[in-house]
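Please find below my notes on the two-chain model that you sent for comment. They are set out as numbered points, to be read with the structure open.

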Amino acid sequence: MFRNLIPLLAERYRVIAPDHLGFGLSDAPSIDQFDYSFESLAGLTKELLDHLEVDRFSMYVHDYGAPIGWRLALDQPERIWAIVSQNGNAYEQGFEQEFWEPVWAYARDGNEETEAAVRGAFQLENIRWQYLHGEPDVSLVAPETWLQDHQRVNRAGNDLVQLRLTKDYISNVQLYPSVQSFFRETQVPLLAAWGRGDGIFVPDGARAFAADLSSARIELIDGGHFVLESSVEIVAQLMNDFLSTVDRRK
Amino acid sequence: MTTFNTVNAGGLDVFYREAGDPSAPKLLLLGGFPSSSHQFRNVLDALAGTFHMVSFDYPGFGNTEMPDPGTWDYTFDHLADVVDEALQAIGFTGPMGLYMQDYGGPIGNRLISKHPDWLQWQVIQNANTYEEGFTAAWDGIRHVLWANRNAETEAPLEAFLEHDTVKAIYLTGTKDPSRMTPDNWNMDLWFLARPGAHRVQLDLFYDYRTNAALYPDWQERLRLTQPKTLIFWGQGDIFFTPEGGDAYLRDLPDATLIKLDAGHFAIEDHLDEIVDGIRSFYSKDVLGK
């Protein structure tokens with residue numbers, strides 16, 4: 001999802017975009033071999049950053065990247081010099097309720113019926129929806145996005161990996177009060193560059209940062225959950241402007 | 001900015017990528033096996049300020065509809081007809097440049113036969129027109145399948161449609177594999193995993209014999225018309241030999257041949273050389289500046 005953004009930032013920054021375990025081209029061990037949770041994915045991300053000798057960094061968080069990034073920040077707040085949240089949620093009011101209700105139902109009681117409801121997310125049409133919903137011009141969105149995701153999610157056993165993470169998502173919501181305290185205490189520089197048409201995280205989730213971060217810059221962009229597909233230049237411009245104003249030595 | 005579109009042609013929903021100002025000079029991008037217009041994604045971005053470009057997914061490839069090979073004939077004639085109809089449907093006609101890679105050669109040559117006035121200049125990248133261009137990877141197709149097509153002669157060719165071989169098409173001859181995104185073969189394999197997709201590709205392997213039969217005609221046309229030609233040739237291509245690139249100079253002594261330390265998809269790891277080469281060739285050799 002970052003393939004078009006990386007070249008636009010690479011002149012000024014060293015850019016790293018890991019595939020989380022179970023996603024993309026990283027290994028995808030079965031649920032018997034690895035205990036998938038947002039906590040364990042954050043642990044691997046921290047190890048990767050240590051391995052790459054990344055001392056301090058700014059982070060761009062999107063969707064699952066947010067709870068992983070928030071855990072990095074809570075664990076080692078001194079490493080983070082700025083945050084860009086692109087539909088990376090930290091507030092209850094960011095949830096699009098109709099989308100999330102089946103997730104909460106599955107977390108409360110994982111049975112055949114609640115599992116069937118969340119399994120819908122692995123189907124091609126629903127992955128495609130994540131990319132196209134809220135996009136004013138769907139002709140700007142490359143089909144290889146949802147096709148590749150569909151291929152990875154449909155590997156043998158990957159459905160069980162995704163179900164584990166779906167079930168664990170509630171742990172992120174439980175973390176929100178700590179994340180918000182972190183914002184209040186550190187006043188970390190934050191840019192919210194948020195696709196306003198996202199059917200998963202609504203614009204109130206972007207506006208909410210202002211409650212805890214008085215200088216948060218909040219920008220709503222015409223686009224959806226994967227706004228980088230249609231508006232990469234706008235996001236890159238906002239990021240380059242924002243990051244250049246932050247003193248990263250602090 | 002590239003857009004992703006469909007147009008109805010030959011009764012099918014045909015997918016195409018488009019970039020550049022519609023008033024800019026036209027450049028048609030015709031790609032090859034086992035990819036789709038996906039292979040031109042970086043070229044479309046890089047040359048959008050210079051050309052108006054389109055690239056179609058052929059039926060059976062990429063995002064274009066894949067009709068049942070039991071009822072739809074997968075031949076190069078048929079693919080070229082669909083591309084021709086799609087070009088006319090979107091009004092991308094008249095004098096243009098053609099970028100031809102692999103299967104893009106046979107399809108482009110058929111288009112030129114139908115519309116000789118469309119060819120203003122051409123880029124040939126690992127698109128073969130000479131017998132000496134075939135590597136040994138073709139042996140099972142040229143010497144076995146074309147002689148006698150049956151389940152037994154088809155079976156070994158299905159290897160070209162499996163993960164490791166599709167990946168090898170990208171990596172053979174590629175100096176630095178870390179510059180080759182796995183998105184390429186993963187994307188191809190998604191399409192090849194569709195029911196009937198292997199039959200489609202085997203039909204085209206078999207029909208490629210019609211291209212070999214037309215090579216002398218295409219060579220003769222090159223000799224007679226001497227189109228302005230820029231050749232990029234990945235020297236390590238799994239399918240086409242370096243001699244296949246050199247051979248063009250016999251018929252086109254004025255062509256520019258740029259040999260690349262690359263494979264079948266040189267465009268993945270030699271993008272800068274290729275787009276800079278095209279810009280410079282267009283400016284100097286086509287416009288005469």
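Predicted model: local features only at pLDDT ≥ 70, side-chain atom pairs only at ≥ 80, totals over all residues.

1. Residues are numbered from 1 along each chain as its sequence is written, chains are lettered from A and ligands numbered from 1 in the order in which they are written, and side-chain values use heavy atoms, with hydrogens and water left out.

2. The contact between the chains takes 14 residues from chain A and 17 residues from chain B, contact meaning heavy atoms within 4.5 Å. About 1400 Å² is buried between chain A and chain B, and carbon and sulfur atoms give 60% of that area; buried area is the accessible area (1.4 Å probe) that two parts lose on being put together, summed over both.

3. Across this interface the rule finds one salt bridge, defined as a side-chain nitrogen of Lys or Arg within 4 Å of a carboxyl oxygen of Asp or Glu. The partners are B:Arg17 and A:Glu144, whose closest N and O atoms are 2.8 Å apart. On the side of chain A that touches chain B, the largest share, six residues, comes from helix H7 (residues 144–153) of chain A; helices (H or I, at least four residues) and strands (E, at least two) are DSSP runs, numbered from the N terminus.

4. The whole structure holds 27 salt bridges over all chains. One of them pairs A:Arg71 with A:Glu39, the closest N and O atoms being 3.2 Å apart. Because A:Arg71 lies in helix H3 (residues 65–75) of chain A and A:Glu39 in helix H2 (residues 38–51) of chain A, the pair ties together parts that are 32 residues apart in sequence.

5. The second largest pocket has a volume of about 430 Å³. On a 1 Å grid over the protein atoms alone, a pocket is an open set of points with protein on both sides within 12 Å along at least five of seven lines, a cavity is a set where a 1.4 Å probe fits but cannot get out, and lining residues have an atom within 4 Å of a point. Grid points are joined across faces, edges and corners, and a volume is the space filled by probe spheres set on the points. Of the 22 residues lining this pocket, the closest to its centre are A:Arg128, A:Pro143, A:Trp146, B:Phe15 and B:Asn63. Its largest share of lining, four residues, comes from H6(A).

6. Four cavities of 30 Å³ or more are found in the whole structure, and the largest cavity has a volume of about 80 Å³. Helix H7 (residues 183–192) of chain B gives the most to the lining of the largest cavity, with four residues. Among the lining residues are B:Phe33, B:Pro34, B:Met187 and B:Gln201.

7. Two backbone features deserve a look. A cis peptide bond, with omega about -5°, joins B:Phe33 and B:Pro34, and B:Pro34 is found in the loop between strand E3 (26–30) and helix H1 (41–46) of chain B. B:Asp102 has a positive phi of about 50° although it is not a glycine, and this residue is found in the loop between strand E5 (96–101) and helix H3 (104–114) of chain B.
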